[in-house]
Protein chains: 2
Amino acid sequence: MERTLSEETPEKIGKKVCLSGWVYNRRDHGKLIFIDLIDRTGIIQLVCGEDAAVLNVQDVIRVNGEVTERGEKNINPHLPTGKVEVKVSKIDVLAHSQELPFDITKEKLDVELPTLLDYRPLTLRHPKVKAIFKVQEVIVSSFRQTLKGLDFTEFQAPTIVPSVTEGGAQVFPVEYYDKKAFLGQSPQLYKQIMVGVFERDFTVTKAFRAEPSETTRHLSEYVSLDCEMGFLEDWTDLLDLAEKVTLGIFKGIKENCQEEMALYSATLPVYKTHFPRLKLQEAQEVIFKETGRDVRGDPDLSPEDEKDICEWAKKKHGSEMVFITHFPTSKRPFYVHPDPDDSELTLSFDLLGRGLEWVTGGQRIHEYDKLVSNIKKWGNDPKDFELYLQAFKYGMPPHGGFAIGAERVTMQTLGLANIREASLFPRDMKRVDHHL
Amino acid sequence: MERTLSEETPEKIGKKVCLSGWVYNRRDHGKLIFIDLIDRTGIIQLVCGEDAAVLNVQDVIRVNGEVTERGEKNINPHLPTGKVEVKVSKIDVLAHSQELPFDITKEKLDVELPTLLDYRPLTLRHPKVKAIFKVQEVIVSSFRQTLKGLDFTEFQAPTIVPSVTEGGAQVFPVEYYDKKAFLGQSPQLYKQIMVGVFERDFTVTKAFRAEPSETTRHLSEYVSLDCEMGFLEDWTDLLDLAEKVTLGIFKGIKENCQEEMALYSATLPVYKTHFPRLKLQEAQEVIFKETGRDVRGDPDLSPEDEKDICEWAKKKHGSEMVFITHFPTSKRPFYVHPDPDDSELTLSFDLLGRGLEWVTGGQRIHEYDKLVSNIKKWGNDPKDFELYLQAFKYGMPPHGGFAIGAERVTMQTLGLANIREASLFPRDMKRVDHHL
């Protein structure tokens, strides 16, 4: 008999069905045993006899039965299948579960972060935890769809790279045959090379940072949503694009993740038509005026600054998203384009949302000579950038792009306290699946 | 003035336009200089005066001019824009190219493989080389779309893994802080874990094999298209799914890559309704009968066997795709489900196409005790699989899946001689961008 999915049961009242899934919950009422069965489409109530007494939570079962309407007063309005139940005539156990280390049937999984991660294959099955990765899937696919709609081509960036490209300390070395290689800190150089091929390109790829500190917002391995665009008319084309992509992600979540957002009582960031844009110096003046903290002249925003400026943008502009632009040259990588009006500054930006950086990007240098000179100025050897430099030797248009941290956006959208919750199998200083 | 793309020019006859792109080719005819301008949508002929004499191939330019119809006898039928040209009034050089190391304007780029890779940022710009990665994009997105249409959820598999899971020799160690970790040989264990979460899942991810040999069909880093499905009714559900996904890829290529396929005079593999299915033993009998080579009793197919059986399938069944099933236990990893009819064999398959393996997969063991026992039998320590084993401890349905090598499919579809041509930045024993 063909399998019926739980979400299909309301259309099959009076029909014999076969359902498969996990025992999500069990409630005994004398000789009647109620089982909540969960499958990939949701939960359905099974009414079983005493033969269900052998079933434990997380057992995998297949049942035969008949779909019936629940009595008016037994309707569960919180469940899409809440008007029906299945009177079970036969139960097959496909796999038994061992005793669970904690109660997984509560509406909110009540475990600390280490337990959440130590038991990942189990905790990921909790509807509220699972929801995080449904939202993440939509974030990634909305990024992809928005860019495809704008004529961007997706490419596969390499992971193993020959040399350290963006600051020396934070890389993982790889024993590559009898040589040494590294894990890419970002697909930056490759997405720039690809501008010479496709003009507009993007990649969904892993990036690796050997951050020797433990924060709630960094991972050693994360999903980077990277794009790059050639033939900029003006560098602000990039801010327009970043806004468009962000709004594309919001749209995707709105259309596909109502239920998941509701589980977290989460709402999308508010904004008014466009996200406000401030130069770093202006942002620092605002912080001084608003809080009295004098960070004017600092070369970057601290986490506290990011929180303050986001608070101000929400209050002043009704926007939980805000662009900060024109970071100083000293704090940006060698490839960032200088501001033609002030060579101490760059045509760079961060997009902040709810107190944290979501997106970072900018225009790049496209002139071969300037790039070679900058590589030297930053203390690197142009020989280590031979392949990359070829792109510029043989003609590159003005271009730029940005990167979005998929886990960051997931975390900030759902209001999670720790970025580890937004990574299926988070890697950090102390953990690669297990404790190290 | 807003940019016009080359493909838009036929609709703008008589209009003033601004175009940007690369000088793809230059032909001097006395005082007239013809430039083929290439942008992301294709090539358009520019008619320039003597000021174009400074232009070299791969210079990046922006031009102003007027779209005009070509005279009847000057129409280029090979070009979508072949009925028009642009009379240029103004040229801006956005970036000059240095002298090229070889002629990039020929229809077929006439360089050896090492040169093709040594100058990757340049050779990727050649229309015929670029086409490979347009096809690859479609292969990946068709895989994704087909599975999404079947209720599969995409997830991001980790790259850094704690231990060696599928045979010890061929892994790359990573210096992970002060510990040792590895690059994943496949997302196998994670996609199985995710069956417990989403029932049906897939991932597009990097896999790494430290193959100490140089062949034309292996890469050290490749793109693995992996999927896994729970609640199998029968293990042949997997063969049906692999066929469906393969046909989804063919459909994607057919609908989106006509031009790219034409550049390679390539056609999609032929087949009749379904791909034939043979047990390994049957395939070996066929080889013996057809060629006299006696490989009966061999535990696996050699590259020569794969060629022979594909040739036979084409001749006998009119199919360039053929499933080989039931490989012996000794040649498959610990997690592969034994054949209930013969414990020496497994419920496993390879899908061969045009003489090479495209897909490999099978049903997995879903019973905790059997899996623990197999891990030990294969000489591994269950402690190294603690996280993975949790999925089985807490109830897993019968499940299975498969993996497709994106570069393999690209190579076999276009008829490329070496898999390195199907990887943007191929990594092997001797190369990570540069020679090692």
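What share of the contacts in chain A with a separation of 6 or more comes from residues 24 or more positions apart? Such residues account for 64% of those contacts, where a contact means that two C-beta atoms, placed from the backbone, lie within 7 Å. This is a predicted model, in which local features need pLDDT of at least 70 and side-chain atom pairs count only at pLDDT 80 or more, while totals for chains, interfaces and linings use all residues. Residues are numbered from 1 along each chain as its sequence is written, and chains are lettered from A and ligands numbered from 1 in the order in which they are written.

**Chain A overall**
- Chain A has eleven helices and 21 strands; these are DSSP runs numbered from the N terminus, with helices (H or I) of at least four residues and strands (E) of at least two.
- Along the principal axes, the C-alpha atoms of chain A fill a box of roughly 80 × 60 × 40 Å.
- Of its 436 residues, 50% count as buried (20 or more other C-beta atoms within 10 Å of the residue's own; 12 or fewer is exposed, and in between is partly exposed).
- Domain 1 of chain A covers 6-95, and domain 2 covers 120-269 + 354-435, with bounds from an automatic or database domain assignment.
- The centres of these two domains, taken over C-alpha atoms, are 43 Å apart.

**Contact between the chains**
- Chain A and chain B each give 74 residues to their contact.
- The chain A side has 40 nonpolar, 13 polar and 21 charged residues (nonpolar: Ala, Val, Leu, Ile, Met, Phe, Trp, Tyr, Cys and Pro; charged: Asp, Glu, Lys and Arg; polar: the others, Gly among them).

**Two helices of chain B**
- The axes of H7(B) (residues 280-291) and H8(B) (residues 303-317) come within 10 Å and cross at roughly 80°.
- That angle makes H7(B) roughly perpendicular to H8(B) (65 to 115 degrees).
- Residues that meet here include Ile287(B) in H7(B) and Trp312(B) in H8(B).
- This contact has five nonpolar, one polar and three charged residues.

**Buried residues**
- The largest nonpolar core has 239 residues, and Val174(A) and Val174(B) are among those that touch the most other members.
- Not counting residues up to four places away in sequence, Val174(A) touches residues including Ile160(A), Phe172(B) and Val174(B).
- Leu46(A) lies in strand E3 (residues 42-48) of chain A, and counts as buried because it has 24 C-beta neighbours inside 10 Å.

Key. Axes fitted to C-alpha atoms, helices over the stretch in contact; angles between N-to-C directions. Parallel < 35°, antiparallel > 145°, perpendicular 65-115°, else oblique. Core = buried A, V, L, I, M, F, W, Y, C linked by C-beta atoms within 7 Å.
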